[in-house]
Structures are given as C-alpha cells and as structure tokens.
Amino acid sequence: MRHLLITPLFFFTAILHSQSSLELDDQGFFRMDGLEVTVFSDYYPEGHQSGVTIIQHGNRVAANGDLRLEPSPGQWSPVPKGGAREVDPLNRRISQTLWFPDSSKNRRGFNPVIYPDLAFTYHVHVDALEGNSFRVVVDLDEPLPEAWIGKVGFNLEFFPGDLFGKSFIMDASSGIFPDQPSGPLMEFDGETTGTPMATGSTMTVAPEEPLQRMVIQSLKNPVELWDGRTNHNNGWFIARSTIPAGATSAAVEWIVTPHAVPGWRYKPVIQVSQLGYHPLQRKVAVVEFDPKESPEEGFNVVKLEADGPRKVFSNKPVPWGEFLRYRYVTLDFSEISSPGVYQVSYGNQVSHPFRIAADVFENDAWQPTLDYFLPVQMCHMRVNEKYRVWHDLCHMDDARMAPPVEFHFDGYSQGKENFTRFGAGEFVNDLNLGGWHDAGDYDLRVESQAGTVWMLALMVEEFGLARDATLIDHEKHLVEIHQPDGKSDALQQIEHGLATILGGYRSLGRLYRGIICSDLRQYVMLGDAASMTDNIPGNGDDRWVFTEENPRRELQVIPALAAASRVLKSHNPELAEEALATARVLWAHASQSNRLAPLKIIALSELILSTNSQGYKEELLQMEGEIVKNISQCGWAVGHVIHELESSSFNDAVATAVEEFQEALQTAQASDSPYGVPYKPNIWGAGWNIQRFGVEQYFFHKGWPELTSTAFFENSLHFVLGVHPGSNNASFASGVGSGSIKVAYGVNRADWSFIPGGVVSGTALIRPDFPELKVWPFLWQQTEYVMGGGATNYMFLVLAVNKLYQEPGQSIR
C-alpha cells in the first residue's frame with residue numbers, strides 16, 4: 001500500500017533505537033539496521049518459509065526455526081499446527097503456540113502428510129536482548145515420550161546458496177560448507193541420512209563475512225550442524241538441538257547473535273525491462289531504496305556507443321511513496337525514441353543494458369517459449385537439440401486406471417464411482433500420445449493441457465503466429481529443435497495437446513483428471529523423463545490415470561477445444577471437427593450446473609466464435625446479469641465476442657460494467673504499488689497471475705478500446721521482464737533479456753539449470769513485507785515453471801504489445 005508520510009511515534013521511536021539494538025516494529029517483528037527477525041509471521045514450512053526467520057543485511061539467511069520430528073525434514077514430513085501468536089512490546093517478546101499433529105494435513109488435503117502416533121503442545125518464545133542478540137526458548141506442556149527423545153529437536157535452517165565455500169566454527173573444530181553433501185551416513189527412523197557435520201555448544205557461521213557472520217550458543221543440549229541435502233536434494237543446512245528427556249520449561253534455549261553492520265542501508269535497485277522498449281512506448285523505470293534514505297535529485301540515461309557510454313537524457317525522479325518495506329521513485333525517460341542500447345544511472349547504481357528499438361519484441365523475446373520450452377516439455381516424445389538430448393522417449397506405457405485412493409501425495413483422489421468401462425489397474429488405451437509434462441514435475445493435468453492449447457490457438461488467431469523452427473514427428477515420437485519441417489510449430493503443438501485431451505476422452509468417455517505416477521519415489525525423480533518408467537505397459541512402474549465427473553474441469557477444457565477447432569480447420573480438418581464436437585458435448589453436460597457462471601460465460605464465448613450458433617448467443621445474452629456481476633472474472637471473454645452479439649441493451653449494460661471495473665482498477669492500481677498493475681504480493685510469486693491479468697486486459701481493450709487503456713497489459717509485460725520488487729530484478733522469462741532466471745524449478749533443476757522460454761512465478765513475499773527471489777533451484781513458490789499459462793501467457797503478452805506498436809497512428813503512452 002502506498003504511504004507518503006509515516007507519523008506514528010512508535011515507529012519513529014523504533015527507528016531511532018534500531019541503530020544499536022533489536023526493537024519490535026509496528027508490524028510485529030524485531031528490527032535494527034541490517035537485521036530483522038520475524039517469528040511465525042509466515043507459515044509455509046515445506047517451502048522453507050516459516051518459524052523463526054533471520055533477514056541479515058537485506059538477505060534472508062535462515063528460516064523455519066521450529067520443532068521438527070527429524071534432523072532433516074522433507075516436503076512430506078510432519079509439520080506442526082500453529083495456534084495463538086502473541087506480541088509483547090513491553091518485554092520485547094514474541095511467542096507462538098503450536099502442536100503436533102496438524103489434523104488438516106494428517107492423511108488429507110492437497111499434499112497429505114502421514115503423521116506418527118505423537119501428540120504434544122509447545123511454545124516458542126523469542127526475546128530481544130541487548131544489541132543484535134536474541135534468545136529462543138522452547139517450552140513443552142508435557143515431557144516427550146521416551147521413544148521420541150533424540151528425535152524431536154529445534155531446527156533452524158540456513159540457506160545453502162550463500163554459504164557454499166564459506167567457513168564455520170563449532171567450539172574448537174571448524175569446517176567449510178560444501179557444494180555437495182558428503183560424509184558418513186546413518187539410519188534415522190528407517191531413513192538414510194547424513195551425520196552431523198559438527199557438534200558443540202557454540203557455532204559461528206561465516207566468520208569471515210561481516211554481512212553473514214552469526215553465532216548460535218545453546219545453553220542446554222549441544223548444537224548439531226546437519227547438511228539437509230543428504231536425504232533431500234532441496235534441503236538446507238540445519239542447526240539443531242534435541243529436546244532432553246523429561247524437559248518441559250526451557251527445553252531448548254539458544255542465544256543467537258547475527259552480526260549487523262552499524263548504519264547499514266539497502267542499496268538502491270533500478271528496476272527496468274531486461275528486454276527493452278519500443279520507441280513509442282512509455283518508458284518508466286522504478287527505483288527501490290532504503291526507507292531511511294532520501295531520493296536522489298536526478299537520474300541519467302546513457303546510450304552505449306562504440307567508444308563507450310554517452311549521456312543522452314537527464315530528469316528528476318518522481319516520488320511514489322512506500323510499498324512493502326521500501327521507498328520508491330519512478331524515472332520517466334519516455335522522451336528517448338532513438339534506437340540503440342541504453343542504461344539508466346541513479347546515484348551510484350547503474351542498470352543493466354536494454355534496447356530501444358522498433359523490433360525489440362520481434363526477436364529473442366517470445367521465440368524461446370515456442371522453440372525451447374514447449375518442445376522440451378513434450379511427453380511421449382524424444383526431444384533432441386543437435387548434439388543434446390533434452391529427454392528420451394518417455395511414458396509410452398501410459399496409463400493404468402488408478403485404483404480407489406483416499407489420498408495421493410499430489411492431491412489426487414479416486415473412488416469406485418470414478419471408474420469408467422475400465423476397472424482398477426486396467427490399461428487405458430490412447431493415453432500414450434501427446435501432452436506436456438507439468439513443468440516442475442512430469443504429470444499431465446487436463447486443465448494445464450487445455451490452457452496451453454487455448455493460448456496457442458488464440459495466438460494463432462490474434463497474431464497470425466506461424467513460426468516454423470522445430471521438427472515435430474508424431475508418428476516417430478521425435479522432436480528436433482532448430483530443424484524446420486515446413487509446418488507451423490504452434491499448430492503442431494496444438495495437435496500435440498489435443499492428442500492427450502481427446503485421446504483420453506475417446507477411451508474414457510469423459511475427461512481424465514490427470515496422469516501421474518503412483519509412487520512417491522518416482523514422483524520426486526530428477527533426471528531424464530524416460531527414466532521414470534520402462535515404456536512397457538503392464539507392470540508396477542506404469543503411471544495411473546485419474547478420472548472424475550467435474551463440470552468445472554469440463555468448462556475449463558471447452559474453450560481450448562473450441563478455439564483449437566477454428567485454427568485447425570484448414571491444417572487438420574478432421575481433428576478440428578472432433579475437437580468442436582467434443583466441446584459441444586461437454587457443454588451440454590457442464591451447462592446443467594447451477595454454479596460456475598464465469599466459466600460458463602467464457603466457454604460460451606469461445607463456442608459462439610467457433611459455431612456462430614444463435615442458440616449459444618441467446619444463452620449468453622440471457623446471462624447478462626451474471627456477466628455484469630462477474631465482470632472482473634469473465635468480462636474479458638465477452639470482449640472477445642462482443643462484435644458477434646446484436647443486442648444494444650446487452651451491449652450497453654456490459655459496457656457500463658466494464659467502464660466501472662476499469663475505473664476501479666485504475667484507482668486501486670494507483671495505490672497498490674509503483675508497478676502499474678494491481679499487485680498484492682503473496683507466498684507464491686505473482687508473475688503468473690499478473691500475466692493472466694495482462695492477457696485479459698488485452699481482450700478488454702479489444703472489446704472496448706474507448707473504455708480501456710493498453711497500459712495494463714504493457715505494464716504486465718514489463719513486470720515479468722524485470723520491473724518488479726526486490727533486489728533480484730531478473731526477467732522471469734528464462735533466457736530473455738540482459739539478465740533472466742538461469743536457475744529454475746524445472747525438470748532439470750538438479751543441474752542448477754534452466755529451460756529457455758520457461759517463465760517462473762517470480763518474486764514472492766516473505767511475510768510480512770520482504771520481497772524475495774533467490775537464486776536456488778528448489779523454491780517452487782519462486783522459480784517453478786508450469787504449463788497451462790505460465791509461459792504461453794507471457795508469449796501472448798509479447799505478441800500483443802508488439803502488435804500494438806506495429807499498428808499505425810500510435811503515440812507514446
């Protein structure tokens with residue numbers, strides 16, 4: 001939220017004292033120059049985002065300080081349930097009550113967890129001490145059962161990416177944080193783990209680094225240093241003290257002293273598109289800086305020429321206010337229209353290079369998604385790139401009907417009522433064709449397949465997408481990147497997506513819910529997709545197919561089938577006809593639901609464009625009230641079809657709703673953030689949602705250009721390309737722009753690598769106010785790729801903005 005003035009005496013006092021000691025601020029955590037300590041402000045432990053958390057000199061270095069039942073927990077390990085959180089300003093204490101088990105996760109929910117037969121309640125207290133030290137105390141209501149002594153302990157996890165090659169000291173011993181886990185192994189509760197790297201009463205982390213040095217002193221049981229990557233690739237380094245037998249009061253007591261550089265200030269970050277701007281575009285950079293600093297009086301733009309940089313523009317920053325924990329100014333350099341490569345300088349900081357050119361969105365912008373990301377994600381294919389094999393032929397043994405399952409590790413369920421003509425365990429034909437792996441995993445969710453098909457079809461229709469850079473041979477199950485085959489890549493990818501959607505529908509008589517492995521060990525596999533199964537049907541490694549009767553899912557698939565039928569008419573008329581016929585059958589069933597009005601409106605809009613059916617038009621006209629009521633959710637789809645509807649009263653009512661909605665958006669955006677889009681940070685990065693918002697705004701503008709602005713979808717693209725909060729201003733689109741995400745949560749994450757054209761969710765929120773985008777391959781909430789819109793929505797936005805400025809008569813906006 002935007003704040004231009006901060007007046008509360010409490011906050012002002014906290015700032016004064018924060019020079020030399022930790023104080024509680026007005027958001028309920030401890031703060032001083034160069035150091036913040038939050039206590040259960042966040043609760044996402046499986047994502048390393050919970051418990052006692054330490055932010056040191058603008059970098060989150062430690063998190064998940066809490067009791068755990070094992071030295072090195074993983075994604076499906078038991079986590080506690082949080083209760084009351086108390087903040088005591090007088091005594092500078094924060095307390096959190098928790099207990100095991102969490103009944104909402106115990107064998108239930110989206111990612112169910114299997115809890116042991118152990119129930120207890122405890123309390124974590126954190127007290128600010130003098131200077132930059134704080135005390136952690138854990139109290140138990142009752143002593144632990146004897147069987148759990150040596151197992152339950154207080155864990156504090158240290159982010160590994162900043163510690164590789166740094167040293168540690170444990171009492172009289174020392175060591176180096178290794179790049180890879182090694183050392184002796186042991187059995188812990190039936191699982192192979194490492195052994196402690198060191199044990200003692202006092203541990204010092206990175207003593208050689210003033211910005212990272214930290215000391216932990218345990219006043220009770222020793223501190224153990226573990227490498228959590230030994231049994232989980234995504235593990236962190238862990239400091240741990242176990243609960244002693246019989247202990248209740250102060251069962252764990254630590255003094256933690258992170259070093260804080262006196263007077264430390266956050267360096268300004270210039271956030272400007274990593275790719276660049278069209279000469280006619282409005283060009284505004286955002287600068288994020290420490291709230292205790294004053295803005296610079298001016299900024300410069302230099303043009304990079306053969307003999308070096310040359311200053312070509314100067315102006316004054318425009319104060320925006322405060323957002324999250326920082327202050328912001330904007331830098332408008334829209335006057336520059338001469339083609340070239342530029343940099344922005346603000347104070348002592350200089351931005352990355354970026355282009356201003358009429359073809360800035362025409363090359364090396366959307367192409368990586370179509371040329372790399374979509375081919376690499378193709379299932380049931382071998383994918384080659386000259387000397388490189390991205391993955392071999394995979395999952396040709398898909399799939400067997402899933403048996404009745406109450407809970408599945410990835411949220412699937414199957415009851416006997418979900419069976420079709422196939423019984424549990426029977427092989428279902430036509431499922432070993434087409435589809436794309438869900439980007440962080442290898443499963444196929446029908447809504448992800450449909451979303452990808454739909455967006456590709458819209459790009460063909462809206463922008464004439466016809467690029468041919470890839471050989472796709474469905475008969476040979478072969479893909480050759482950088483090898484044209486004389487056919488549109490987008491149309492071939494649409495065929496590939498329809499092969500799995502319609503193949504499942506033909507065999508099952510309904511849509512499948514998803515195709516996924518049955519075993520958790522298979523699911524967490526990192527490596528070649530061909531390694532997951534043996535490609536031979538009829539044995540235990542075959543993947544399962546889950547089915548369901550679900551009108552919501554049917555309504556999500558209908559638009560894809562309808563849109564695909566339009567663009568395939570001349571390319572593959574038989575498949576186009578089948579796609580449309582299936583969409584109509586699904587509509588006949590799903591439209592009977594009394595709920596889901598926005599999804600119905602979206603589906604009807606696509607069916608009207610594909611059939612010109614007067615019956616569908618009448619159905620849509622009869623939903624005028626629902627459209628007006630849900631204009632933010634479905635109005636954009638009506639904008640796609642409004643020119644086909646001949647009802648002035650309907651058109652007027654919807655136009656009024658659109659105008660009111662757009663005015664509200666403008667008002668909200670102005671105070672939300674300095675980024676020109678409605679933006680509410682959350683645990684997951686907002687990039688995908690902002691991309692989807694941008695695509696929707698394109699269609700709002702298409703339907704009602706006089707009532708809407710292009711700024712929202714232009715700013716959505718800028719956000720993804722680097723104009724977003726936090727110190728890491730990389731492009732969320734891997735391989736696009738001067739600096740982009742090069743370590744991502746894709747199928748090759750174990751190699752600390754990326755897939756060009758994949759688009760990550762991006763900067764996440766560490767509650768209450770810290771934006772973060774780490775260089776780390778295992779934080780799915782920040783750097784995961786996904787199908788169903790994550791990459792194709794980005795691709796759509798690039799093409800949309802490019803089309804906007806290829807049209808005559810455009811002025812700077």
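## Where two helices meet

Which residues in H3 meet which residues in H13? On the H3 side they are Met455, Leu458, Glu462 and Phe463, and on the H13 side Val695, Tyr698, Phe699 and Lys702, where contact means heavy atoms within 4.5 Å. By class, this contact has 6 nonpolar, no polar and 2 charged residues. Here Ala, Val, Leu, Ile, Met, Phe, Trp, Tyr, Cys and Pro count as nonpolar, Asp, Glu, Lys and Arg as charged, and the others, Gly among them, as polar.

Before going on, a word on the model: it is predicted, local features need pLDDT of at least 70, side-chain atom pairs count only at pLDDT 80 or more, and totals for chains, interfaces and linings use all residues. Residues are numbered from 1 along each chain as its sequence is written, and side-chain values use heavy atoms, with hydrogens and water left out.

Back to the helices: H3 covers residues 446-463 and H13 covers residues 687-703. Helices (H or I, at least four residues) and strands (E, at least two) are DSSP runs, numbered from the N terminus. The two pack at an angle of about 35°, and their axes are 13 Å apart; axes are lines fitted to C-alpha atoms, for helices over the stretch in contact, and angles run from 0 to 180 degrees between N-to-C directions. The crossing of H3 and H13 is left-handed, meaning that the near helix is turned anticlockwise from the far one by less than a right angle (clockwise would be right-handed).

## Aromatic pairs

The structure holds 44 aromatic pairs. Rings of Phe, Tyr and Trp (its six-membered ring) pair if their centres lie within 6.5 Å; planes under 30 degrees apart count as stacked, over 60 as edge-to-face and the rest as tilted. One of the pairs is Phe100 with Tyr122, which is stacked because the centres are 6.3 Å apart and the planes are at 20°. Phe100 lies in strand S7 (residues 93-100) and Tyr122 in strand S8 (residues 120-128), so this pair ties together parts that are 22 residues apart in sequence. Both Phe100 and Tyr122 are buried; buried means under 20% relative accessible area, exposed over 50%, and partly exposed in between (1.4 Å probe, protein chains only).

Phe159 and Trp236 form an edge-to-face pair, with 5.4 Å from centre to centre and 75° between the planes. This pair links distant parts of the chain, 77 residues apart: Phe159 is in the loop between strand S10 (153-158) and strand S11 (167-170), and Trp236 in the loop between strand S18 (223-227) and strand S19 (237-242). Phe159 counts as buried at 3% relative accessibility, and Trp236 does at 1%. Ring pairs also link these two into a cluster with Phe164, Phe168, Phe177, Phe237, Trp752, Trp776 and Phe778.

## Charges over rings

A charge sits over a ring if NZ of Lys or CZ of Arg is within 6 Å of the ring centre and within 35 degrees of the ring normal. Arg749 likewise lies over the face of Tyr745, at 3.9 Å from the ring centre.

Ser273 is in the loop between strand S21 (269-271) and strand S22 (276-277), and counts as buried at 0% relative accessibility. Not counting residues up to four places away in sequence, Ser273 touches His352, Phe354, His718, Leu721 and Val723.

Leu575 belongs to helix H7 (residues 573-590) and is buried, with a relative accessible area of 13%. Its C-alpha atom is 8.0 Å from that of Glu495, 80 residues away along the chain. Pro317, in the loop between strand S25 (308-315) and strand S26 (318-323), counts as buried at 13% relative accessibility.

## Backbone exceptions

Most residues other than glycine have a negative phi, and most peptide bonds are trans. A cis peptide bond joins Phe100 and Pro101, with omega about -5°, and another cis bond joins Arg767 and Pro768, with omega about 10°.

Asp171 and Ala206 are worth a look for their phi values. Asp171, not a glycine, has a positive phi of about 50° and is partly exposed, with a relative accessible area of 41%. Ala206 has a positive phi of about 45° and is buried, with a relative accessible area of 0%.
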